Amino acid sequence: MKIDRRKFFKSVGGATAVALMTSEQKADALEEFLEEELEEYTLQQGRQSGLYPTVAEIAEQNKDLARPRRRGGGRMFFPGRDGKLQALMPMPEKPTLLDFFKYRFGTATHVMQSAGRALKTGMDEKVVLACLLHDVINTLMSADHGWWGGQFIEPYVPAETAFAVRYHSALRFFPDSDYGYEYPESYLRTFGEDYVPEPYLQRTYKKVRNHKWYEYSRLVTVNDLYAFDRGKTVSIEPFIDIIGRHFKQPKEGLGWDDSPSSHMWRTFINPDRRL
Amino acid sequence: MKKNVSRIALIAIGSFVLAGLLALPPATAQDGPLILSGLEISVTRLERSTIVPLGDCPRGENIVRGVIRRGDEANEFVTVHIDFKVLPDFRPVDWPRPAIHDVNGRTYRTAQVFGEMNRDPEFTCDFSFRVPVGMKVQEFLVDGDVTLDLTAYDR
C-alpha cells in the first residue's frame, strides 16, 4: 500500500509531533494510520459495489490455515503491516496505569478520543474512565474484548466502570435510538451482512438493557462509535486527575499485586514469557 | 343575567387567546437563517436513507457510518443538512446533543455532537436520526427551546 506522507503527518498532528515521537510510537502511529487507510479503502470498495460478505463467506475465510493470524488475537502478538512485531520498552519496576499507556497500549488514540468526547459532553467521570479503558485490552485480546477488558480493570476501578467496559462490546450490536446509537456499517463487513448476534450476546443484551447501570455501558458505545477521527490529536493529560480519583493504583505496581487480573497486566509487561 | 353574559364573553375571549397562543410556532423557530451565539444556521435539506455518516459537527475525518440493516423495514434515517457560518461576534457554544421532533412532538436523538464551531469560517454538518419510515419531521432542536423548523423541507 502506498503511503501518503503528508496525510500521515497530518494524522498525528504534524511534522513537529512526529519529531517528538519515539521510534516505537512512530511505528504504532504508522500501523494505526495504515489500518484506517485500509478500512477506508475497503469501505469505499463496499460502497461502490454495494456488497458485503456473508457470515458463510467469513467462516470460509477463517478456514484458511495459512493466514498469518487469527482475527481475535491481540496485536502485540502479531507482526504489523510492516512485517515486524511491536517493539517493547522496558517497564518501570512498579508500573502505573500511565506507564501502561506510555509503554504498552500503543498510541491509544481511539480510547483517548472516546474519553475526550465523554468529558466534553459532560458525562460522569466513571463513564469517562470507562471510555478511556474500554479497548486497551485489544492489544492483548480482541475476541469478546468487553469481557476481557472488564475483568482486566475490575480490581482497580468503580464497579460501574468495569460493568460499562464488560458489556459495551455486546451492546454495540444493538442500536438504541434513545441514545442515538446506530449499528456500525463496518460491522456488515466484519461480521457479515446477514450476521445475527449469537444467543449469548442476545441474552447479555436483554440482561444489561434492564440493568440499573445500562446507561454507563451504552454511553461507552455512543462515544466508541464516533472516536475514529484521525484528524484529532489527543493526549492522556486531560484524564490524569480522573485516573487519580477513580483508579486504585496498587503500591506494588500493576501486575505485582496478586489481584484477580494481575496475570493479565504481567502478560502485557512480558508477552514473550513462554509459559 | 348581565353578569353571566360577561363571564361567558370573558371565557370565550380567554379561550380564543389561549388557542391563539398554542397555535403559534415556538418563538425561536425560524423560516430563514437562525442567528445564535454568533453563528448563522440554515437548514439546507432533509434526506432519508439507510446508510449515513455519523461524524460530529464540524465534521472531522471520521469514517464511521451507521446503517439500517437489511430486513428492518420499519426504520430509516432522516438526515438534516445544516449550513453554519461563523459571524464576528461568535461565542463558543456548549449545546447538548441535537434532537428532532416529529409532528406529534416525539423526540428522536442522535449521538452526534457539536464541537469547535469556529474551526472553519463556513461549513456544513449532517445530523442523522433513526425514525419510523415516513415519520413527518417537525423541528430540529439546537439548544433548549431554540429550534429550526423542518416542515418546509420534509416533502
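Student: Okay, which residues is A:C131 in contact with, leaving aside its neighbours within four places in sequence?
Tutor: Those would be A:V111, A:S114, A:A115, A:A118, A:V220 and A:N223. Keep in mind that this is a predicted model.

Student: And which residues touch the most other members of the largest nonpolar core?
Tutor: A:C131 is one of them, along with A:V127, A:V128, A:A130, A:L132 and B:I100. That core has 82 residues. As background, nonpolar side chains tend to be buried together in soluble globular proteins.

Student: Let's do helix α6 of chain A. How many of its residues are buried?
Tutor: 10 of the 12, so α6(A) is largely enclosed by the rest of the structure. Among the buried ones are A:V111, A:S114, A:A115 and A:A118, and those four are also on the contact list of A:C131.

Student: What span should α6(A) have, going by its residues?
Tutor: Helix α6(A) runs over residues 109-120, and at 1.5 Å a residue it should span 16 Å. Its end C-alpha atoms are 16 Å apart, which agrees.

Student: What comes just after α6(A)?
Tutor: There you'll find A:G122, with a positive phi of about 75°.

Student: Which residues other than glycine have a positive phi?
Tutor: A:D258 is one of them, with phi near 55°, and B:S37 is another, with phi near 50°. Most residues other than glycine have a negative phi.

Student: Where is A:D258, and is A:D258 buried or exposed?
Tutor: A:D258 sits in the loop between α13 (240-246) and α14 (262-269) of chain A. With 10 other C-beta atoms within 10 Å, A:D258 is exposed.

Student: What about A:F247, buried or exposed?
Tutor: A:F247 is in the loop between α13 and α14 of chain A too, but A:F247 is buried, with 20 other C-beta atoms within 10 Å. Not counting residues up to four places away in sequence, A:F247 touches A:L97, A:L129, A:Y156 and A:V157. The C-alpha atoms of A:F247 and A:P155 are 9.2 Å apart, although the two are 92 residues apart along the chain.

Student: Switching to chain B: how many helices and strands does chain B have?
Tutor: One helix and 10 strands. Chain B has 155 residues, and buried ones make up 29% of them.

Student: Back to B:S37, where does that one lie?
Tutor: B:S37 is in the loop between β1 (34-36) and β2 (39-49) of chain B. Those strands form a hairpin with two residues between them. B:S37 counts as partly exposed, with 19 C-beta neighbours inside 10 Å.

Student: How many bridges join β1(B) to β2(B)?
Tutor: Three, and the strands run antiparallel. B:L34, for instance, has B:I41 in β2(B) as its bridge partner. Strand β2(B) also pairs with β5 (residues 75-86) of chain B, in the antiparallel sense over 10 bridges. There, B:R45 is partnered with B:H81 in β5(B).

Student: What's the strand order in the open sheet of four strands?
Tutor: In chain B the order is β7-β6-β9-β10, with antiparallel pairing. At the edges stand β7 (107-109) and β10 (146-149), each with a single partner strand, so one side of each is left without a neighbour in the sheet. The twist averages 30° from one strand to the next.

Student: How many bridges join β6 to β9 in chain B?
Tutor: Four, between residues 99-102 and residues 137-143. B:D102 stands opposite B:V137 in β9(B).

Student: Which strand is B:V146 in?
Tutor: Strand β10 of chain B. B:V146 has 18 C-beta neighbours inside 10 Å, so B:V146 counts as partly exposed.

Student: Last one: which residues does the cis peptide bond join?
Tutor: B:C57 and B:P58, with omega about 0°. B:P58 is in the loop between β3 (51-53) and β4 (65-67) of chain B. For context, most peptide bonds are trans.

Note on methods. Residues are numbered from 1 along each chain as its sequence is written. Chains are lettered from A and ligands numbered from 1 in the order in which they are written. This is a predicted model: local features need pLDDT of at least 70, side-chain atom pairs count only at pLDDT 80 or more; totals for chains, interfaces and linings use all residues. Two strands pair if DSSP finds at least two bridges between them. Axes are lines fitted to C-alpha atoms, for helices over the stretch in contact, and angles run from 0 to 180 degrees between N-to-C directions. A nonpolar core is a set of buried Ala, Val, Leu, Ile, Met, Phe, Trp, Tyr and Cys residues joined through C-beta atoms within 7 Å. Two residues are in contact if their C-beta atoms, placed from the backbone, lie within 7 Å. The expected span of a helix is 1.5 Å times one less than its number of residues.
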